[in-house]
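This report describes a two-chain protein model for a reader who works with coordinates.

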Amino acid sequence: MAFYTKVSTAMIRVLLVVGGIAMMVMMAIVVGNSLGRAFFKRPIFGTIEIAGLAGVVVVAVAVGFAERERRNVVVDIVANRFKPRSRALADAFTLFLSLGAVAFLLWAVFNDSLNSLTVREVTLTTGVSIAPFKFTWAIGLMILCLFLLQHMIEAIRKGRKR
Amino acid sequence: MNPIITGVVGLCVLLALMFAGVPIGFAMLLVGSTGFMYLVKLSGAIHILSSVPYGLISNYDYCVLPLFLLMGTIILNAGLGGTLFRFADTVMGRLPGGLAIATIFACGIFSAISSSSIACALTIGLIAIPEMRRYKYDNALVAGSVASGGTLAILIPPSGILIIYGIMTEQSIAKLFVAGMIPGIILALMFIIVIYVWVRLNPTLAPSGRSTTLREKMAALGECAEIILLCLLILGGLTIGWFTPTEAGAIGAFGAIALCLIRRRLSWQGLKDSVIDTMRNTGMIFVILTGALVFNAFFAVTTIPMELADWVSGLALPPMSIMAIIIVIYFILGTALDELTMILLTLPIFYPVVTRLGFDPIWFGVIIVLIVEMAMLSPPVGMPMFIVKGIAPDIPMQSIFKGIIPFCIAIAVMIALLLAFPRMALFLPGLMG
C-alpha cells in the first residue's frame with residue numbers, strides 16, 4: 001500500500017504540472033485573443049477550440065486530484081452518527097459504488113476515444129485531432145478510479161483494525 | 001415500470017445513496033447512467049456518458065469557472081484582503097459599528113473578484129475578526145457581519161453558483177452575472193443598514209470608531225486601487241459587452257497575477273498554491289457537474305419535468321403562490337443540503353415548472369442564489385459560520401447563530417423585493433440585448 005501511495009503521489013505531482021501549464025495556456029490564449037481583437041483587430045485563430053481543449057486537460061487532472069484530497073462533496077449528516085468501525089465500512093461501500101460509476105464512465109469514454117482515433121475526428125476550425133484529448137480525459141478518469149480504489153482499501157483496513 | 005415511476009424510484013435511490021455518504025457527483029452519475037440504461041438501452045447510456053461530460057469539459061464557455069477560481073485564489077494567497085479591509089475601515093470606520101460595516105464593504109469589493117463565499121469570508125474574516133475583537137465588538141455582531149458578508153460573493157459577479165446555474169439551464173452566464181449586480185449591491189447596503197440600526201439600538205455592541213483624515217483615506221485607497229480597478233474592469237466590461245465571461249475570467253486571473261507580481265505580493269510558491277487550490281476546487285465542481293448532467297439526461301427521459309410542469313401550470317393557483325411554495329421548499333432543503341447539492345438536485349424538477357409559469361429564467365437564477373445565501377447562513381451546513389468558528393474558536397455557536405438572524409431577515413426582505421420588482425434583476429440584462 002505504501003508503494004502504491006508513493007506512486008500515486010508522484011503521478012499526481014507530474015499531472016498537476018501538466019494541468020497547471022494547461023491552465024496558464026488557457027488563460028494566456030484567451031487574454032491574447034481579447035487584447036488582439038480589441039487593440040489590433042486581430043483575434044487569435046482558433047482560441048475557442050484551443051481554450052476548450054486546454055480545459056479538458058485541466059479538468060482531467062483536477063478530478064483525480066480532488067478525490068486524492070478527499071474534496072468531493074458528501075452529505076454526511078447520517079454517516080457522521082455511525083460508530084467509527086461502521087463508518088469505515090460504510091465508506092468502503094460508498095467508495096465501491098463510486099468506483100463502479102466512474103469505471104462505467106471510463107469505459108464509455110475510452111471506447112469513444114478509440115472511435116475518435118479511428119475516424120480521425122478533428123476540431124472544426126483548427127483541425128486539431130480530438131482523440132488525444134479524449135484519451136487524456138480517459139486517463140484522468142482512470143486516475144480518479146485509482147484514488148477511489150486506494151481510499152476504498154484504506155477504509156476496509158480501517159474498519160478491520162477497529 | 002413506466003418512465004415516471006422509474007424516475008421517482010431513481011430520485012429515491014439517489015437520495016438514499018446521498019444520505020448513505022456516496023459523494024453527490026458519483027451518486028448522480030450512478031443513478032443517471034443506470035436509469036438511462038434501464039429506460040433507453042445500454043448503447044444510449046454509453047452515448048450519454050461519452051458525449052455529455054466531454055461536451056461539458058471541452059466547452060469554451062465553461063472555462064470561465066477555473067479562470068475565476070484562479071483569480072480568487074491568487075488574491076486570497078497574496079493576502080490582498082487585508083488592504084481591502086484597511087481601505088474600507090478608513091472610509092466607514094467612524095460610523096457606529098464601523099468595523100463591522102467595513103467588513104461588509106470589504107466583502108462587497110472582494111466579491112467582485114471572487115466567486116466563492118468561503119474564500120470571501122476567510123480572506124476578510126482573518127483580518128476583520130481579530131480587529132473587531134480588539135475593539136471589544138460583540139461576538140454576535142462579529143460573527144454575523146463576517147458570515148453574511150462572505151455570502152455576498154455568490155451574488156455579486158463573478159458568482160460560482162450563477163455559473164453552475166447557467167451551465168445547468170443553458171442560460172447566458174453574462175446575463176446572469178449582470179443580473180446579480182443590482183441585487184448584490186442593494187443587499188450589501190441592507191447588511192450595512194442592519195449593522196447601523198442594530199448598533200444604534202444597542203450601542204454596547206460596538207464602540208465608535210475613530211475618524212480618519214483624507215490623507216489616510218487616500219493612502220489606504222492607494223494600497224488597493226489596482227484591485228478596485230480590476231473589479232471595475234471586470235464588472236464594467238461584462239455589462240458593456242467588451243468581453244464574454246470567459247474573457248473576463250482570463251483577464252481577471254491574468255490581471256491578478258500581474259498586479260500581485262508587480263506589488264511583490266505573490267511568490268512562486270504562492271502562485272503554485274493558487275494553481276493547486278484551483279485544481280482542487282475545479283475537480284470537485286466538475287465531478288458534481290458531470291454527475292448532474294448525466295442525471296439530468298436520465299430525468300428528462302422519465303418525462304417527470306414536463307409532466308410536473310403541465311400539472312403545476314394547470315393548477316388554479318396564481319404563479320406567485322407556486323413560486324412562494326418553491327422558495328419555501330428550497331429554504332427547507334437548504335438546512336439539510338449544501339448549496340451545490342441543493343441546486344443540482346432540484347433544478348431538473350423546478351426549472352421547467354418555473355419557465356412554464358412564465359417566470360424569467362435569469363430572474364429565477366438570482367432568486368435561487370439569494371435562497372442559497374440564506375441556506376448558507378443556516379445550520380447545519382452553513383460554511384461561512386464554520387469559517388467564523390475556525391478563525392475565532394472561542395466565539396460560541398450560539399452567538400454565531402444569534403448574529404446571523406438579522407442578516408437572514410435582510411436576505412428575506414431582498415427576496416420579497418425581487419418577487420415584487422423583478423426588474424431589479426432584469427434591468428441590466430435587458431440593456432445587453
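With which residue does B:E247 form a salt bridge, and how far apart are the closest N and O atoms? The partner of B:E247 is A:R37, and the closest N and O atoms lie 2.7 Å apart. This pair crosses between chains, running from helix α12 of chain B, which holds B:E247, to helix α1 of chain A, which holds A:R37. A salt bridge here is a side-chain nitrogen of Lys or Arg within 4 Å of a carboxyl oxygen of Asp or Glu. Helices (H or I, at least four residues) and strands (E, at least two) are DSSP runs, numbered from the N terminus.

The model is predicted: local features need pLDDT of at least 70 and side-chain atom pairs count only at pLDDT 80 or more, while totals for chains, interfaces and linings use all residues. Residues are numbered from 1 along each chain as its sequence is written, chains are lettered from A and ligands numbered from 1 in the order in which they are written, and side-chain values use heavy atoms, with hydrogens and water left out.

**Salt bridges**

Side chains of opposite charge can pair when their charged atoms come close. Over all chains, the structure holds 12 salt bridges.

| Pair | Closest N to O distance |
|---|---|
| B:E247 and A:R37 | 2.7 Å |
| A:K134 and A:E121 | 3.2 Å |
| B:R133 and B:D394 | 2.8 Å |

The surroundings of these residues can be stated by relative accessible area (buried under 20%, exposed over 50%, partly exposed in between; 1.4 Å probe, protein chains only). B:E247 is buried, at 3%, whereas A:R37 is partly exposed, at 35%.

The salt bridge between A:K134 and A:E121 has its closest N and O atoms 3.2 Å apart. It links distant parts of the chain, with A:K134 in helix α4 (residues 131-161) of chain A and A:E121 in the loop between α3 (84-118) and α4, 13 residues apart. A:K134 is buried, with a relative accessible area of 7%, and A:E121 is partly exposed, with 29%.

In chain B, B:R133 forms a salt bridge with B:D394. B:R133 lies in helix α7 (residues 117-134) and B:D394 in the loop between α18 (383-391) and α19 (397-420) of chain B, so the pair ties together parts that are 261 residues apart in sequence. B:R133 is partly exposed, with a relative accessible area of 26%, while B:D394 is exposed, with 52%. Salt bridges that share partners also join A:R68, A:E69, B:D277 and B:R280 into one network.

**The interface of chain B and chain A**

Contact (heavy atoms within 4.5 Å) involves 54 residues of chain B and 53 residues of chain A. The area buried between the two chains is about 4,600 Å², of which carbon and sulfur atoms give 80%. Buried area is the accessible area (1.4 Å probe) that two parts lose on being put together, summed over both. B:F26, B:Y54 and B:M279 supply 16% of the area that chain B buries against chain A, more than any other three residues.

Across this interface the rule finds two salt bridges. Five residue pairs, both residues at pLDDT 80 or more, are in polar contact between chain B and chain A. A polar contact is a pair of N or O atoms within 3.5 Å; within protein, one must be able to donate a hydrogen and the other to accept it, and residues adjacent in sequence count only if both atoms are side-chain atoms.

Six helices of chain B, α1 (3-20), α2 (24-39), α3 (42-57), α4 (64-77), α12 (245-262) and α13 (268-301), each supply at least two residues of the side that touches chain A. Helix α13(B) gives the most, with 14 residues.

**The fold of chain A**

Chain A has four helices and zero strands. Its radius of gyration (over C-alpha atoms) is 20 Å, well over the 15 Å that the globule rule gives for 162 residues, so chain A is more spread out than a compact globule. The globule rule is 2.2 Å times the number of residues to the power 0.38. The C-alpha atoms of chain A fill a box of roughly 65 × 35 × 30 Å along the principal axes.

Of the 162 residues of chain A, 48% count as buried. A:T5, in helix α1 (residues 2-39) of chain A, is partly exposed, with a relative accessible area of 26%. A:T5 and A:K41 are 36 residues apart in sequence and 51 Å apart in space, C-alpha to C-alpha.
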